[in-house]
Every structure is written in C-alpha cells, then in structure tokens.
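Welcome! Have a look at the picture before you start.

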Amino acid sequence: MLNLVLQAAGLRVAFVKALQDKFPDYGLTFAIGGQISFDIFPNGWDKTYALRHVQDENFEEIHFFGDKTHKVSFIMSYLSSDSYCR
C-alpha cells in the first residue's frame, strides 16, 4: 500500500531528483530502489559492480534477482562491452 501512495505522490522521484540537484559533484548515483526505497551508491557500483570480480570465471550466464532490476538489454550490453570482456 505504501508503495502506491509514494508512487501516486511522486515522492521518491522528487526526492531522488532533489538529491541529484543538491549533490551533483559527490560521485554518487541516486536511484529509485525497490518498492518503497531509494538507493545511494558510488558511481559505477550498481548491480553490475560484482561482475568485475567474477569475469575470469567464464560463466555462461549470470542472473540478478530483486524486485526491481535494470532491463536485460543493459546487462547484456555490459557483458559484451570491453569493460567486462577481455
């Protein structure tokens, strides 16, 4: 229920925007989190951060779980990019 109230009022979107505007030079990413949260983390430390620690394992598939994740095309483009593949 709380997530519906927050969504209808646009509170999380407005709060994340305010944080982005207030702290643009801190090297942080401000994002909408799961159903009722927002996330703050260093730039580049999103869900793909863990991939750099297993890139030499040659996994055929890597799955991310959560109630809110990036689109598959984002993950696939990262996996095929120079920053992941050698």
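Buried residues (those under 20% relative accessible area, with exposed meaning over 50% and partly exposed in between, for a 1.4 Å probe and protein chains only) make up 17% of the 86 residues in the protein. This is a predicted model, in which local features need pLDDT of at least 70 and side-chain atom pairs count only at pLDDT 80 or more, while totals for chains, interfaces and linings use all residues. Residues are numbered from 1 along each chain as its sequence is written, and side-chain values use heavy atoms, with hydrogens and water left out.

**Exercise 1. The fold**

Task: Find how many helices and strands there are in the protein, and the pattern they follow.

Solution: 
- Step 1. Helices (H or I, at least four residues) and strands (E, at least two) are DSSP runs, numbered from the N terminus.
- Step 2. Counting them gives three helices and two strands.

**Exercise 2. Confidence**

Task: Work out where confidence is lowest and where it is highest in the protein.

Solution: 
- Step 1. The protein averages a pLDDT of 74, and 65% of the residues score at least 70.
- Step 2. Confidence is highest in H2, at a mean of 89, and lowest in H3, at 47.
- Step 3. Residues 70-76 have a pLDDT below 50, and this stretch has five contacts in the model beyond near neighbours in sequence; a contact means heavy atoms within 4.5 Å.

**Exercise 3. A salt bridge**

Task: Identify which side chains meet in a salt bridge.

Solution: 
- Step 1. Look for a side-chain nitrogen of Lys or Arg within 4 Å of a carboxyl oxygen of Asp or Glu.
- Step 2. The structure holds one such bridge, and its partners are Lys17 and Asp21, at 2.9 Å from N to O.
- Step 3. Lys17 and Asp21 are four residues apart in helix H2, so about one helical turn separates them.
- Step 4. Lys17 is partly exposed, with a relative accessible area of 44%.

**Exercise 4. Aromatic rings**

Task: Decide whether the pair of Phe23 and Tyr26 is stacked or edge-to-face.

Solution: 
- Step 1. Rings of Phe, Tyr and Trp (its six-membered ring) pair if their centres lie within 6.5 Å; planes under 30 degrees apart count as stacked, over 60 as edge-to-face and the rest as tilted.
- Step 2. The structure holds three aromatic pairs. In one of them, the ring centres of Phe23 and Tyr26 are 5.2 Å apart and the planes lie at 85°, so the pair is edge-to-face.
- Step 3. Phe23 is partly exposed, at 29% relative accessible area, whereas Tyr26 is exposed, at 58%.

Key:
pLDDT = per-residue confidence, 0-100.
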